[in-house]
Amino acid sequence: MAEKKHLLGLDGVPREEIEAILNTARSFREVLDRPIKRLPTLQGKTVVNLFFEPSTRTRISFELAEKRLSADIVNFSASTSSVKKGETLIDTVKNIQAMKIDMVVIRHSSPGAPHLLSRVLDANIINAGDGGHEHPTQALLDMMTIREKLGKLEGVTVALVGDISHSRVAMSNIHGLTTMGARVLVCGPSTLIPREIEKLGVEVYHNVDEVIPQADVLNILRLQLERQRKGLFPSLREYHNYFGITRERLEKATRPLLIMHPGPMNRGVEISSDVADSEHSVILEQVTNGVAVRMAVLYLLAGGQSEIN
Ligand code: CP
C-alpha cells in the first residue's frame with residue numbers, strides 16, 4: 001500500500017508545514033467570497049466523513065470544504081449505522097474502504113482512533129477531534145484567525161482559559177502556537193490543568209485576572225463535562241465567578257483583546273453573552289476561516305502544491 005499523507009495532530013508538525021497550510025487557506029478564503037464558490041480541485045475524489053461524536057461546526061465545515069472543492073461526499077453517522085449492532089471501528093472502516101474511497105475525516109471519542117485508521121486504511125486520514133487528544137484543524141483555523149487579525153503569530157501572547165485537561169483544542173493549539181513562536185499561557189483551576197504541562201512550553205496560571213493584562217488573545221474553552229469525572233470544581237456558578245470571561249474582567253486589559261472560542265459556547269459559564277457578542281469577538285470569523293483551512297488541508301493531502309510566501 002502506497003504511503004499516504006495524513007493530518008493526525010499538530011504535535012511534531014514543522015513550522016513550514018503549518019505555514020504552508022495557513023498560506024493555502026488564505027487563498028481559499030478568497031474563494032469563499034466569490035459568487036460561485038466551487039473549484040474543480042478534488043473532482044473524482046471520494047471523502048467519507050465519519051462522525052462518532054456530536055458536532056455542528058466541524059462536520060458542516062468539512063462537508064462545505066469538500067463541496068467547494070467538488071469532491072464526492074459520503075456522510076456517516078454512528079447513531080444510524082451498524083456500529084449500533086456491535087460492528088467494530090476497524091470492520092466499519094474496512095467495509096467503507098472496500099467501496100473505494102480516497103479520504104476519511106474522523107471524529108471519535110477515543111484518543112488515537114485516527115492514528116489507528118492511518119495504519120489499516122489506504123486513504124488520507126484527517127483527525128476531526130479524537131477524545132481529549134487533538135483537534136488539529138480547529139487549532140489551524142484559530143491560528144489563521146490570529147494571523148489575519150494581528151498580522152503574525154511569532155511573539156503574540158495567547159491565553160487558553162478553561163478546561164485544559166480535557167480539551168483537544170487546547171492540546172492542538174499548544175503544539176501549533178509554540179511551534180509558530182507564540183507565547184502560550186494556560187489558565188484554569190488546578191484540577192483542570194494537566195500536571196507538568198509546562199514541559200510543552202507553556203506558562204501556567206490559576207488566576208484569570210493575572211492573565212488578562214498580559215494577553216493579546218483570549219481563547220476561551222468550554223468545560224468538557226462529558227469527559228470529566230465529578231468533583232473537579234464546586235459548581236458552574238463558582239466556575240463562572242472565578243474563570244468566566246465578563247466585560248468587567250476585560251476592563252482590566254491594557255489593550256483590546258481578541259476574543260476567541262472554538263464553540264460550542266456555554267453562555268454565562270465560561271463566557272458572558274456581552275463578551276461573546278462584543279466588537280472584539282472573532283468567534284464567527286473563526287468559523288468562516290474553518291472552511292478555508294479544511295479546504296487547504298484536503299487539497300494539500302490530495303497532493304496539491306502549497307502557497308509559499
Ligand atoms: N469546535 C468544534 O469542534 O465544534 P463542534 O463540536 O461543533 O464540531
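Q: Are Phe28 and Tyr299 buried or exposed?
A: Both Phe28 and Tyr299 are buried, where buried means under 20% relative accessible area, exposed over 50%, and partly exposed in between (1.4 Å probe, protein chains only). Keep in mind that this is a predicted model: local features need pLDDT of at least 70, side-chain atom pairs count only at pLDDT 80 or more, and totals for chains, interfaces and linings use all residues. Residues are numbered from 1 along each chain as its sequence is written, and side-chain values use heavy atoms, leaving out hydrogens and water.

Q: How many aromatic pairs are there in the whole structure?
A: A search finds four. Rings of Phe, Tyr and Trp (its six-membered ring) pair if their centres lie within 6.5 Å; planes under 30 degrees apart count as stacked, over 60 as edge-to-face and the rest as tilted. Phe28 and Tyr299 make an edge-to-face pair, 5.4 Å centre to centre with 80 degrees between the planes.

Q: And what about Phe233 and Tyr239?
A: That aromatic pair is tilted, at 5.6 Å centre to centre and 55 degrees between the planes. Phe233 and Tyr239 are buried too. Ring pairs link Phe233, Tyr239 and Phe243 into a cluster.

Q: New topic: which domains is the protein divided into?
A: Domain 1 (15-134 + 287-301) and domain 2 (136-282), with bounds from an automatic or database domain assignment. Their centres, taken over C-alpha atoms, are 26 Å apart.

Q: How many salt bridges are there between domain 1 and domain 2?
A: Three, a salt bridge being a side-chain nitrogen of Lys or Arg within 4 Å of a carboxyl oxygen of Asp or Glu.
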